[in-house]
Amino acid sequence: MSDALARLEQWFASRGWSPFAFQRDVWQAYANGESGLIHAATGTGKTYAAWMGPVLEALAEHNAPRTLRRRTDGAPLRVLWITPLRALAADTEQALREPIDALGLPWTIQSRTGDTSAARRARQRDRLPSALVTTPESLSLLLCRKDHEAIFADLRCIVVDEWHELLSTKRGAQVELALARLRRICPQLRTWGVSATLGNLDTAADTLLGYRADGAPHPRQLVRGMVPKDTQVEALTPDTMDRFPWAGHLNTKLLPEVMQRLEAAHSAIVFTNTRAQCEIWFQSIIAANPAWFEFTAIHHGSLSRQQREDVEDGLKTGRYRVVVATSSLDLGVDFSPVDLVMQIGSPKGVARLMQRAGRSGHSPGRASRILCVPTHAFELVEVAAARDAMHAGTIESREPLDRPLDLLAQHLVTLALGGGFTRDAVLPELRSTRAYRLLTDEELDWVIDFVTRGGNALRAYPEYARVQLVDGRYVVTDRRVAMRHLLNIGTIVSDAAIAVRYLKGGRLGTVEESFVSRLAPGDKFIFAGTPLEFVRLRDLTAWVRRAKCVSGAIPRWQGARMPLSTELSHAVRMKLEEARQGLYRSAEMLAVKPVLTMQAERSIIPRPDELLIERCETRDGHHLFVYPFEGRLVHEGLAALFAYRIAQLAPISFSFSCNDYGFELLSPDPAPLEEALASGLLATDHLLHDITHSLNAAELARRQFREIARVAGLIFGGYPGQSKSVKQLQASSGLLYDVFVNYDPDNLLLHQARREVLERQLESSRLGRVLARLSGSLVRLVDVERPTPLAFPLLVDSTRSRVSSEKLADRVRRMTVSAEKATRAGASLTFRAQHGRATPVAT
């Protein structure tokens, strides 16, 4: 091992590097047979910390001289490298191969993802490489092979890259299940996770490593990177700031300043939060300076693999100086040429800010810089708050999932297809994962019955009997079931992807069916930074030709909502408290000072222990503006809850709008707010009952059931080239939902759908914590003559939904003039909340 280490250090030295102490710690722990989690800042050497342990072991075993040429036949599969994004696979493969080639180790390195060619996959069926870079879905497909125990028999190490991206998702639970199976095949298997930004490290490590038979977590190492990395955060600020801001009102108005910064940078990544925003900013940059088209590119997950790889290669080689991207470039191995990162809009979370900042100066010892470009005034507060939280080390935690039974059903079919399983053997394997460590015997029996007979409601239909009990083992005997399962595997469920192709030319990428369904032949739209004309939709392909004009609609993709995290919400409240005290300590807060000063003049800036409610009347009706500052999803739940509880006191109907700072309740008549506060508007009692009844919970659960039914294998998305539409899938899942509700009300997948609606769509557990905080707060009720700066964005959001021939910007300008006319400060009442019931107090 000493000779191998010396050769490795020599290779590091040839690159101008020296191994860090935490890298040596990981290599030694690996040599000792230990597993663990590596937590270090982006660009500080995490990849080679995890990779060089197996490399050193192999070098010591082979004792290969430096001049030994790499054999083409390689060695048996020794290392699995799991990446959350297939876009990372090629870059990771290259980074892992570089030291292997230099050190003369007789290994082969390959990737296997959805982008892998059919020819390479065919070769891999006969022989896998020495190290395989893959995704959770492709790993599950390998477990479907009847010979999977043989192909994994020589496996020594698994590395799960960017573990924080997987941890709190079904894909993370899918990885847990796969790891449990591989540990059963290879009891001495070592597992290492790589994480850049995470708050709950102990939980993350325990989830990755699994649990022993006695329920205790496996021993593990938690290695923190010891390399300090300076992260510099600043924001562009407009010369003038409207005192009544609205979401998106700055939009691309700061484009001239953005262009100046980009021109001064050698290379840059411009991050956006959505793919639609990515297309808009790419077009805006090119329109501002068409000569930049030669070295400016766009990168997001809906582009074709060839386009993504071209952009990634061009960024590293310097062919592209500017890349406008989404989270598709959040992660990665090496973008060291990038010296500037921009963030369009608020990052909405501290960890996301740090992750994206890490793309700049992405090498050990170099400072990371990120320039935030606000899209409305209050995002300046978020930037200042995120910087404070980052310096304080306040990073978001990600909680693992608990017993998603739809995924368990899918996994049992995978095991049945991959040689079969027995109940007694699979139960301890499942309980060795955090996701299923509390799995009961009854739940497992229910899932087995579900995959073998379809459960109580579907047992009369043979197509739902996917697994058979043969000679004491549960196996798949039907080739049609096997084929459907292989095509259906995974947990990523979204709108049907429609390929975008030129009539004469190549494939551009994919858009969602819901966007294409609104297009008529001749309509123009912009995709992949290119103006296109829609010709026709046929065989799940949108056929297009280049359009002469550059204007057009921008595709919208699902999953764009990104609420403020709990940590950033708290930091925002602290920055507002500083502003209330007249303390403006950063350029961002000074820029937004006119807005907050106006807020204090017209109403108040609430303290952290206060809940501000503003009340006013306009020609649209009676408004209640409530400001918990807890993020959009929580506010959606609170708005529905408040409307429901107020309506219990008197018949009244509400419409509402929400943003990250608060929500608006609009009614034709005055709401009995004081009576509601006294009657328990803020009470945590009966929360689950009230939130369920405040929304159309049954309809929300029905929609959520489509995802569950797809993951569990109840509905089939279709064969390649024959995919079913969203309407078809929703109809099929809706029919099954009704059958279960009427004939199998105790179906555990129904319970899961309701639970996921509450937790994932409404963040019910966070909502409960927020309500508990508010129930002990002072309630400041302020009657205002006109909507205040805090209320104005909510008012604009509700205006967006109204049909009008007047442009939104024109309507907003008219509303702003009206708002400026109000000069009188609002009358204020204060209520003290105790146990959710608020009573007036003197101030």
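This is a predicted model: local features need pLDDT of at least 70, side-chain atom pairs count only at pLDDT 80 or more; totals for chains, interfaces and linings use all residues.
Local features need pLDDT of at least 70, side-chain atom pairs count only at pLDDT 80 or more, and totals for chains, interfaces and linings use all residues. Residues are numbered from 1 along each chain as its sequence is written, and side-chain values use heavy atoms, with hydrogens and water left out. Helices (H or I, at least four residues) and strands (E, at least two) are DSSP runs numbered from the N terminus.

**Seven-strand sheet**
- Seven strands make an open sheet with parallel pairing, in the order E3-E4-E2-E5-E6-E1-E7; two strands pair if DSSP finds at least two bridges between them.
- At the edges are strand E3 (109-112) and strand E7 (221-224), each pairing on one side only.
- From one strand to the next, the twist averages 15° (axes are lines fitted to C-alpha atoms, for helices over the stretch in contact, and angles run from 0 to 180 degrees between N-to-C directions).
- Four parallel bridges join E3 to strand E4 (residues 131-134), and Ile109 has Ala131 in E4 as its bridge partner.
- Helix H2 (residues 21-31) lies across strands E1, E5, E6 and E7, at about 160° to E7; contact means heavy atoms within 4.5 Å.
- Helix H4 (residues 89-103) lies across E2, E3 and E4, at about 165° to E3.

**Six-strand sheet**
- The order in this open, parallel sheet of six strands is E8-E13-E12-E9-E11-E10.
- Strand E8 (231-235) and strand E10 (296-299) each have a single partner strand, so one side of each has no neighbour in the sheet.
- The twist here averages 20° from one strand to the next.
- E10 pairs with E11 in the parallel sense over four bridges, with Ile298 opposite Val324 in E11.

**Helix H11**
- Helix H11 (residues 255-264) has the buried residues Leu255, Val258, Met259 and Leu262 (buried is under 20% relative accessible area, exposed over 50%, partly exposed in between, with a 1.4 Å probe and protein chains only).
- These residues lie on the same side of H11 because they cover an arc of only 100° around the axis, taken from the directions from the helix axis to the C-beta atoms.
- Gln260 and Ala264 are exposed on the face turned away from the buried side.
- H11 lies across E8, E9, E11, E12 and E13, at about 160° to E12.

**Cavities**
- The model has five cavities of 30 Å³ or more; a cavity is a set of points on a 1 Å grid over the protein atoms alone where a 1.4 Å probe fits but cannot get out, and lining residues have an atom within 4 Å of a point.
- The largest cavity holds about 60 Å³, the volume being the space filled by probe spheres set on the points, which are joined across faces, edges and corners.
- Its lining includes Arg573, Tyr627, Phe629 and Arg773.
- Helix H22 (566-580) and helix H30 (764-775) each give two or more residues to that lining.

Key. On a 1 Å grid over the protein atoms alone, a cavity is a set of points where a 1.4 Å probe fits but cannot get out, and a pocket is an open set with protein on both sides within 12 Å along at least five of seven lines; lining residues have an atom within 4 Å of a point.
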